[in-house]
Amino acid sequence: MAPPAPPPSRVFAELDPAASPVPEGRLGPPVLPEREVHVSGSAELSARPDRARVSLRLGSRKEAAAAARSSVSRRLQYIAHTARLRGVPEENMTVTEDFSRIENTYQMEAEVCITFSDFGKMQNVCNLLIEKLGASITISPPHFYHTPEAIDTLRRQVCVTAVGNTRRKAQEVCRLFGQALGKPLLIKEEETKEWGGHIDSHLSHSADSQTLQERIQNATAYASCRVFAVFEIKGKENRRNKLL
């Protein structure tokens, strides 16, 4: 049985020294074009989530409607006051209320959703509310996600990093042959990939047993980019510049 064929080699750099043909009707030696180096390069980056959303639920069931409303209202005011004191803007808090009658009692339920950009502040707020309100409030595990701006930043950064890696590779190839790298003639994005992360604020179905760091890690977004570039070769590397 014949051994398996080796995998095909991958070209990551190519020097192009070919000469141009002499134009028809013109005498003289071939015209040497600008020499080029063809290089491919890639990069992979990650971005941790930049937002967290926490849902707080509370309720009260009383024989008197006013008593049920008052019980929930006092706690809602305390939650909002606590969040504002720790720098959470009003627009990052949303409150929904539901009032119903069950048999001979009145039930008032409310949900507060708070969006945090500072995860340490989020922990402090949640810990304080649990300490002060106890079992009268239920706090869901935080849902971490990315804003569209954070994902756009990741995309730009990975592309710029890939181009920088490609240029450094071209410089190394030129130095290997005693040449100096010139200006870029072509930079082309060949492939981009994205995976992981959450880009919306809807609550996920991750296990409640996960730690905070595990949730952040699971919500981390990744992106990779591969580019192809053609650079001009200026000629022999200046030895003086090399020694500086």
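Visitor: Is R84 buried, partly exposed or exposed?
Guide: In this predicted model, the relative accessibility of R84 is 41%.

Visitor: Which side chain does R84 meet in a salt bridge?
Guide: Side chains of opposite charge can pair when their charged atoms come close. Here the N to O distance is 3.3 Å, and a salt bridge needs the nitrogen within 4 Å of the carboxyl oxygen.

Visitor: How many residues apart in sequence are the parts tied together by R57 and E111?
Guide: Happy to trace that one! R57 forms a salt bridge with E111, and their closest N and O atoms are 3.3 Å apart. R57 lies in strand β3 (residues 51–62) and E111 in strand β5 (residues 105–116), so the pair ties together parts whose separation in sequence is 54 residues.

Visitor: Which strands are linked by E190 and R226?
Guide: The side chains of E190 and R226 meet in a salt bridge at 3.2 Å, N to O. This pair joins distant parts of the chain, 36 residues apart, with E190 in strand β8 and R226 in strand β9.

Visitor: Why does the pair of F99 and Y106 count as stacked?
Guide: The structure holds three aromatic pairs. In the pair of F99 and Y106 the ring centres are 5.9 Å apart, which is within the 6.5 Å needed for pairing. Planes under 30 degrees apart count as stacked, so what decides the matter for F99 and Y106 is their plane angle of 10°.

Visitor: Which residue lies over the face of F99?
Guide: F99 is partly exposed, its relative accessible area being 31%. Over the face of its ring, at 4.0 Å from the ring centre, lies R69.

Visitor: What are the strands of W195 and Y222?
Guide: The rings of W195 and Y222 have centres 5.8 Å apart and planes at 10°, so this pair is stacked. The pair ties together parts that are 27 residues apart in sequence, because W195 lies in strand β8 (residues 179–196) and Y222 in strand β9 (residues 221–236).

Terms used. Residues numbered from 1 in each chain as written. Predicted model: local features only at pLDDT ≥ 70, side-chain atom pairs only at ≥ 80, totals over all residues. Heavy atoms only, no water. Phe/Tyr/Trp six-rings, centres within 6.5 Å; stacked < 30°, edge-to-face > 60°. Buried < 20%, exposed > 50% of the residue type's maximum accessible area, 1.4 Å probe, protein only. Helix = DSSP H or I, 4+ residues; strand = E, 2+ residues; numbered from the N terminus. Lys NZ or Arg CZ within 6 Å of the ring centre and 35° of its normal.
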